[in-house]
Amino acid sequence: MTMPSILPRLYAIYQQAGYTPMTGYSPHLINDCMSVQFTTFLHEGDIRGDFGISLQEVQFMERLNDYLQPKNILVIGNAYGWSTIALALTFPQARVIGVDINSRGVDLTNQLIRHNKLQGIALSGRSPADMAPIIKEQLAGTIDLALIDAEHTIEAMKADFFEIQPFLSEDSLCFFHDLIGHNLVPGFLEIIKQSRKNGLILTRTTSGMGLLFRTINRPLADYLNCFADQSHSYALYHGLINHYLAANSEHRSPCDKTCPGFDLTG
Ligand SMILES: C[S@@+](CC[C@H](N)C(=O)[O-])C[C@H]1O[C@@H](n2cnc3c(N)ncnc32)[C@H](O)[C@@H]1O
């Protein structure tokens, strides 16, 4: 039987602690603010958090449990724990570790993990320097699924990845948040080349996530391809949208984000 959605429990976990998740809004509907797609929290009359993965990205990730059974999961960039806790609910058999330099979010995450009896822990630490000891101690030196979502520069993202690469299991999946949104695609291409793995840019996720993998089975590839484009159709669509917007410039200026896109090879 398919597991029910994690969403009601994920929302309740934060809500009960006094943090109301605010996520998944169309920028178009809230002053064209891009950030409203991502997750923050209303707490004591203000906005808290650091733009966690969007509602749509949680929905995308949670259905991965139809295809995978990772045992050890690592999140670099825990913030207020939104993706760490979402992954702990999605993969209840796994141990999930979230790492962040911000101790306030780490403390909240651990409070939520303990209170809701989830398997995992958030740790204060700085990537890449602190990662190896954490992975050895907390995940017995093996990562089956990773989410890299810390400092959004190419250099930092590469440093995060190459530090954890030796610990990735043979069939691991490594997700990179905000690839297109933060212009990190060139760094991802370098990672694909140097790691000799396969890459997919999930152009139909909110932030334009990247995925690195060695091999994946056909059913998972079919699922992932629902969130990715063929390069040529993405480029054509992008061009046509820009053309349309330029021709109707009173509506909006053309989007300037570019992404080459990928085909699955695994
Ligand atoms: C976009 S937020 C992560 C959101 C989180 N993944 C979620 O879905 O809720 C980025 C986080 O990375 C953290 N960070 C930045 N540089 C870091 C580093 N070198 N090591 C660990 N965490 C870092 C920041 O403190 C911030 O909380």
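Predicted model: local features only at pLDDT ≥ 70, side-chain atom pairs only at ≥ 80, totals over all residues.
Helices here are DSSP runs of H or I with at least four residues, and strands are DSSP runs of E with at least two, numbered from the N terminus.

View 1. Along the principal axes, the C-alpha atoms fill a box of roughly 55 × 45 × 40 Å. A compact globule of 266 residues would have a radius of gyration near 18 Å, and the chain agrees because its own value is 18 Å.

View 2. Which residues come nearest to the ligand? Of the 22 around it, they are Gly52, Gly77, Ala79, Trp82 and Ser83. Several elements supply at least two residues each to this shell: β3 (46-52), β4 (72-76), α3 (82-90) and β5 (95-100). The largest share, three residues, comes from β3. Sorted by class, the shell has 10 nonpolar residues, seven polar ones and five charged ones.

**View 3. Helices α6 and α7 side by side.** A pair of packed helices is described by the angle between the axes and by the distance between them. For α6 (residues 154-164) and α7 (residues 185-195), the axes come within 9 Å and cross at roughly 30°. Angles under 35 degrees count as roughly parallel, so α6 is roughly parallel to α7. Their crossing is right-handed.

**View 4. Zooming in on the α6 and α7 contact.** From α6, the contact takes in Ile154, Met157, Lys158 and Phe161, while α7 brings Pro186, Gly187, Glu190 and Ile191. By class, that gives five nonpolar residues, one polar and two charged.

Methods. Residues numbered from 1 in each chain as written. Near = placed C-beta within 6 Å. Nonpolar A, V, L, I, M, F, W, Y, C, P; charged D, E, K, R; others polar. Axes fitted to C-alpha atoms, helices over the stretch in contact; angles between N-to-C directions. Parallel < 35°, antiparallel > 145°, perpendicular 65-115°, else oblique. Left-handed = near helix turned anticlockwise from the far one by under 90°. Contact = placed C-beta atoms within 7 Å. Rg over C-alpha atoms; globule rule 2.2 N^0.38 Å.
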